[in-house]
Amino acid sequence: MTPAKDDDQDQTSDMSGTRAASSVAERSASMVGRLTGEPLAPGLYLVATPIGNLADITLRALSVLARADVVYCEDTRHSRTLLSHFAIKSRLEPYHEHNASEQRPRILAALERGSRIALVSDAGTPIVSDPGFKLARDAATAGHAVISLPGPSAVLTALTSSGLPADTFLFAGFLPAKSGARQTRIRELASVPATLIFYEAPQRLSDCLADLVAVLGPRPAAVARELTKLHEEVLRGTLADLAARFEAGEVKGEIVLLVGPPVAVEVSDNEIRARLEVALATMSLRDAARAVADALGVAKSRVYDLGLAMGRERR
Ligand code: SAM
């Protein structure tokens, strides 16, 4: 009978799923075992850690964290939870914005003695909107090996799930908290031909979207929230759609905000001529061509040639 057959099939697929899971577990454990059994070369290891889902840790990250002489982190209690989850007992020391200038010379001296140092942040890839830039720079300048272990990062996770172009993108970190400074920064980025990516605090999302609409107008955008976690969601739409969606409601969790590149608009000769007429009333042809080209985002030579033609037509 049909139901019995379905039950049989379910049991068979459960069994093959269990067998597959144990093979994967065996192979993964054997790889971590092999890596952990090899000596770790001296140097500074930048280790990416999960942004929510602990299963996103890499096998290589585990093997480096287990062998490091010291693991520097933003918050020792937070990182102890991560390490304990994988039974890693390495020494943890704090490295954060308040103690970095005292810790850095100590870490560089340890590297000089041949230590194996790991750096992690609370979540994701160290250095990206997190501490570690000066440490990695100074370690490299001093001739020490600086090895980055790829892994979770909110920027790339958000970008790839956003549906926005990923061939060219600009990660701009956190926008300023005050509206005036935020609008100025958005204006600076307005003509960049790339998908723009920002980190944003949930309590500022609504104000930030309002400023983005005001400065950039109708562009495609996405809000990626709680990536890799239980309440993960990616909302896609125009900036105006998203601004309306988040206008009133309180939003919680961690957020990445993405805005698609500016759409190239075809500028007609008539539009250039009209702008040139106005500009030529107060400027030389050379200056007027530069001003109009900048304003319309077209080649200066095209504007200049149209200006010459307008001059000939008047004679
Ligand atoms: N270094 C980290 C990385 O590589 O993603 C980012 C650290 S930055 C201090 C923290 C910000 O990253 C959050 O405020 C949020 O904007 C973003 N973020 C981190 N985890 C996230 C997640 N699971 N979902 C969405 N955004 C996240």
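Which polar backbone atom lies 2.8 Å from an oxygen atom of the ligand? That atom belongs to Ala-154.

Before the rest, the conventions. This is a predicted model, where local features need pLDDT of at least 70, side-chain atom pairs count only at pLDDT 80 or more, and totals for chains, interfaces and linings use all residues. Residues are numbered from 1 along each chain as its sequence is written, and side-chain values use heavy atoms, with hydrogens and water left out.

Now the ligand's nitrogen side. A backbone N or O atom of Leu-227 sits 2.9 Å from a ligand nitrogen. For Glu-254, an N or O atom in the side chain is 3.4 Å from a nitrogen atom of the ligand. The protein buries 89% of the 580 Å² that the ligand exposes when taken alone; these areas are Shrake-Rupley values with a 1.4 Å probe.

Next, the shell. The ligand is surrounded by 19 residues, each with a heavy atom within 4 Å of it. Among the closest are Thr-125, Asp-130 and Ile-255. By class, the shell has 10 nonpolar, 4 polar and 5 charged residues, with Gly counted as polar and Asp, Glu, Lys and Arg as charged.

Last, the domains, whose bounds come from an automatic or database assignment. The chain divides into domain 1 (39-149), domain 2 (154-259) and domain 3 (269-314). The ligand lies between domain 1 and domain 2, because both give residues to its shell. The C-alpha centres of domain 1 and domain 3 are 56 Å apart.

Conventions
Polar contact = N/O pair within 3.5 Å; in protein donor to acceptor, adjacent residues only side chain to side chain.
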